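Please keep the sequence and the coordinates at hand while reading.

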Amino acid sequence: MSRNVITYGTFDMFHVGHLRLLQRLRDLGDRLIVAVSTDEFNAAKNKKAIIPYDGRAEIVGSLKIVDQVIPEHSWDQKAEDIKKYDVSVFGIGDDWSGKFDHLKAHCDVVYLPRTPDVSSSALRRMARALDPEMIERLREVHAVLDQMVRNFE
């Protein structure tokens with residue numbers, strides 16, 4: 001009997017931290033199922049992914065360690081998915097520690113360490129900082145501050 005592992009995430013701006021988490025999860029079983037949050041579910045969480053759902057699902061699904069990608073539509077679907085896909089292990093990053101302990105009634109629950117110094121949130125902050133419009137606004141602010149300094153000299 002195969003040992004199925006499942007995880008959930010947005011997987012926006014896919015990075016090495018995502019890859020390492022998925023590799024460690026794959027090592028816990030024979031099949032890895034990844035539920036990727038839909039754009040609609042992200043909106044309900046007040047979160048907006050940079051990469052649309054279809055692209056994120058395609059990226060995750062292209063990994064040889066991933067056996068199946070399913071959409072994540074809601075918080076409540078996890079217990080149903082565990083039953084539907086005969087899941088033995090639910091795994092997720094340790095930033096969620098304790099939040100999914102209620103699933104222990106259905107399968108093993110593991111919280112794996114995150115890759116240090118790597119996160120989608122940090123990448124989004126850097127992308128905003130490098131946004132051409134933001135750079136132009138910073139230049140304008142700098143010019144105003146520079147003029148103010150010259151006026152006081």
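The protein chain exposes about 9500 Å², of which carbon and sulfur atoms supply 55%, with accessible areas taken from the Shrake-Rupley method with a 1.4 Å probe and, for residues, only the protein chains shown counting as cover. This is a predicted model, in which local features need pLDDT of at least 70 and side-chain atom pairs count only at pLDDT 80 or more, while totals for chains, interfaces and linings use all residues. Residues are numbered from 1 along each chain as its sequence is written, and side-chain values use heavy atoms, with hydrogens and water left out.

**Overall fold**

- The secondary structure comes to six helices and five strands, where helices (H or I, at least four residues) and strands (E, at least two) are DSSP runs numbered from the N terminus.
- Along the sequence, the elements of the protein chain follow the pattern β-α-β-α-α-β-α-β-β-α-α.
- Of the 153 residues, 37% count as buried, a term that means under 20% relative accessible area, as against exposed at over 50% and partly exposed in between (1.4 Å probe, protein chains only).
- Among contacts (heavy atoms within 4.5 Å) between residues at least 6 apart in sequence, 63% join residues at least 24 apart.

- Leu22 touches, leaving aside residues up to four places away in sequence, Thr7, Phe11, Phe14, Leu32, Val34, Leu63, Ile65 and Val66.

**Helix H3**

- The buried residues of H3 are Tyr53, Arg56, Ala57 and Val60.
- These residues are on the same side of H3 because they cover an arc of only 100° around the axis, the arc being that of the directions from the helix axis to the C-beta atoms.
- Asp54 and Glu58 are exposed residues on the face of H3 turned away from its buried side, whereas the cover over the buried residues includes E2, helix H2 (39–44) and strand E3 (68–72).

**Gly9**

- Gly9 lies in strand E1 (residues 4–9) and is buried, with a relative accessible area of 15%.
- Not counting residues up to four places away in sequence, Gly9 touches Ala35, Val36, Ser37 and Glu72.
- Gly9 and Gly93 are 84 residues apart in sequence, and their C-alpha atoms are 9.5 Å apart in space.
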